[in-house]
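Hello,

Here is the structure we talked about. Please open it first, then read my notes below.

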Amino acid sequence: MRHSHFLLPAVVIIFTLSACGNGEPEERASYDVRGQYLGMDLQGESISVVHETIPDVMNAMRMSLRIDDESVADGLESGDIILFRMVQTDRGWYIRDIEPLPEDTELDLPPELH
């Protein structure tokens with residue numbers, strides 16, 4: 001019985017950790033962003049984009065963004081110019097609501113990202 005006082009905290013920690021992985025990720029913020037679609041990863045869990053600066057949030061950059069469903073990129077080809085919602089969650093950055101923009105849309109990107 002000397003060690004029983006360790007059991008309850010361990011059970012609480014395990015329960016708390018298992019509960020964190022369930023359900024939808026909590027949305028903290030979202031931004032409408034323009035960028036260029038580069039492709040989907042082999043596992044279908046994220047897509048790569050180059051995006052314009054998001055004022056007061058982040059500089060223009062190339063990044064991989066998680067997706068909820070592979071179908072968000074249906075019909076897109078590498079190089080397509082897109083408008084999308086970039087969502088910050090408690091599990092990282094996600095991309096949602098992707099819309100193709102006209103091919104002649106000019107993005108405001110630094111030269112090293114072209």
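Through how many residues does a hairpin join E4 to E5? The hairpin uses two residues. E4 and E5 run antiparallel, and seven bridges join them. Two strands pair if DSSP finds at least two bridges between them. Strands (E, at least two residues) are DSSP runs, numbered from the N terminus. Thr89 has Gly92, in E5, as its bridge partner.

A word on the source. This is a predicted model, where local features need pLDDT of at least 70, side-chain atom pairs count only at pLDDT 80 or more, and totals for chains, interfaces and linings use all residues. Residues are numbered from 1 along each chain as its sequence is written, and side-chain values use heavy atoms, without hydrogens and water.

Next, the core. A nonpolar core is a set of buried Ala, Val, Leu, Ile, Met, Phe, Trp, Tyr and Cys residues joined through side-chain atoms within 4.5 Å. Buried means under 20% relative accessible area, exposed over 50%, partly exposed in between (1.4 Å probe, protein chains only). The largest core holds 17 residues. Ile47, Leu65, Phe84, Met86 and Ile95 have the most contacts inside it. Strands E1 (27-40), E2 (46-51), E3 (61-66), E4 (81-89) and E5 (92-100) each supply at least two of its residues.

Last, the rings. There is one aromatic pair (Phe, Tyr or Trp ring centres within 6.5 Å, with the six-membered ring for Trp; planes under 30 degrees apart are stacked, over 60 edge-to-face, the rest tilted),. Tyr31 and Trp93 form this tilted pair, 6.2 Å centre to centre with 40° between the planes. Tyr31 sits in E1 and Trp93 in E5, 62 residues apart.

Best wishes

Note on methods
Helices (H or I, at least four residues) and strands (E, at least two) are DSSP runs, numbered from the N terminus.
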